[in-house]
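Hello,

Here is the structure we talked about passing on. Please open it and keep it beside this email as you read.

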Amino acid sequence: MEATFVIVRAVHLGALVALTGGLVFAISIAGADRSPGDTIVGRDRSATWKRSSALWLALAMASGLAWLGLEAASMSGQPLAQALGRQTLGTVIAETDFGNVWLVRGALSLGLAALLAVASRSSPTAARSVLLLCTIVAAALLSSLALVGHANAEHGTQRGIHLVADAVHLLAAGAWLGALVPLAALLRRQSTAGAGAPLDDVADAVRRFSSLGLLAVGTLLLTGVVNASFTVATIPALLTTRYGHLLLCKLALFGGMLALAANNRTRLTPSLADAALAPSTRAVVVARLGRNAMAEIALGLAVLAVVGVLGATMPASHASAMAPAMRMP
């Protein structure tokens, strides 16, 4: 049951990260809020974000339903098949904090599905407004995961600070890791287009993503420190508890992503923007950027898997606080 719970949480988080990041990519990097031009990026603006958003939202809704069932089984102590009954599910939804949050998030999911349906039938002008609304709702869905996280163990002002830090951390992860998915797809399409394909639009998208990534990484570092002050608190707890070890693993994976991102920003992105380079050389740069993006995504998926385990693990600071009471006299 625990392994299934971890997998479902990780899939749900991953789907929302990809959903939010894809919309951020469409509105701020690929320029889907502007009129499409005759470019490789412009041709993808109008349809790709709608199709991919619908797929990621469907996965998020399915995993959200599975999460509810697993929580009902955990809270009731019943086997999963029995916990899925109307009475047990109704009690969890109506009488628990998790259920109340799940209900609100379900309403947001249905609202986003309606917006995507409207977007598929709207004019290019109206689609810009719908895209913005979709991005806002997706961001609310992603950040609301903080309401079912470890921050709920805090009280008063500390709870508020931890919730805000958690929510902003999730949004930064969505903007960076989630936007990597459409960026990698764009770079792959450009690589298959050949050395003679135009690169100006792609170079602009890479430059925009690099700026977004820099902001997101800074935010992740800042909010990560705040979160760690609540969940770990001390260096000994970081080094001697299961939660601390998982967090160190997450940091190591994050460090790998940073190394790839730094190489992209300092070496490859400036080369791609250099119009004086031969087309064949710029094509090689695009291919390298694409491979790095795929490597970052792979590391990011590993991070999400670790986060799924962290969500089901008692924070190191709480374990330390409980330890004396658990000792035999």
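Below are notes on aromatic pairs and on one helix.

First, the ground rules. This is a predicted model, where local features need pLDDT of at least 70, side-chain atom pairs count only at pLDDT 80 or more, and totals for chains, interfaces and linings use all residues. Residues are numbered from 1 along each chain as its sequence is written, and side-chain values use heavy atoms, with hydrogens and water left out.

The structure holds three aromatic pairs. Rings of Phe, Tyr and Trp (its six-membered ring) pair if their centres lie within 6.5 Å; planes under 30 degrees apart are stacked, over 60 edge-to-face, and the rest tilted.

Take Phe5 and Trp67. Their pair is edge-to-face, at 6.4 Å centre to centre and 80° between the planes. Phe5 sits in helix H1 (residues 2-29) and Trp67 in helix H2 (residues 45-76), so the pair ties together parts 62 residues apart in sequence. Helices here are DSSP runs (H or I, at least four residues), numbered from the N terminus. Both Phe5 and Trp67 are buried, meaning under 20% relative accessible area with a 1.4 Å probe, protein chains only. Phe5, Trp67 and Phe98 form one aromatic cluster.

Now Trp176 and Phe254. This pair is edge-to-face too: 5.9 Å centre to centre, 85° between the planes. Trp176 lies in helix H7 (residues 156-193) and Phe254 in helix H10 (residues 242-273), so the pair links parts 78 residues apart in sequence. Both Trp176 and Phe254 are buried.

Best wishes

Terms used
Helices (H or I, at least four residues) and strands (E, at least two) are DSSP runs, numbered from the N terminus. Buried means under 20% relative accessible area, exposed over 50%, partly exposed in between (1.4 Å probe, protein chains only).
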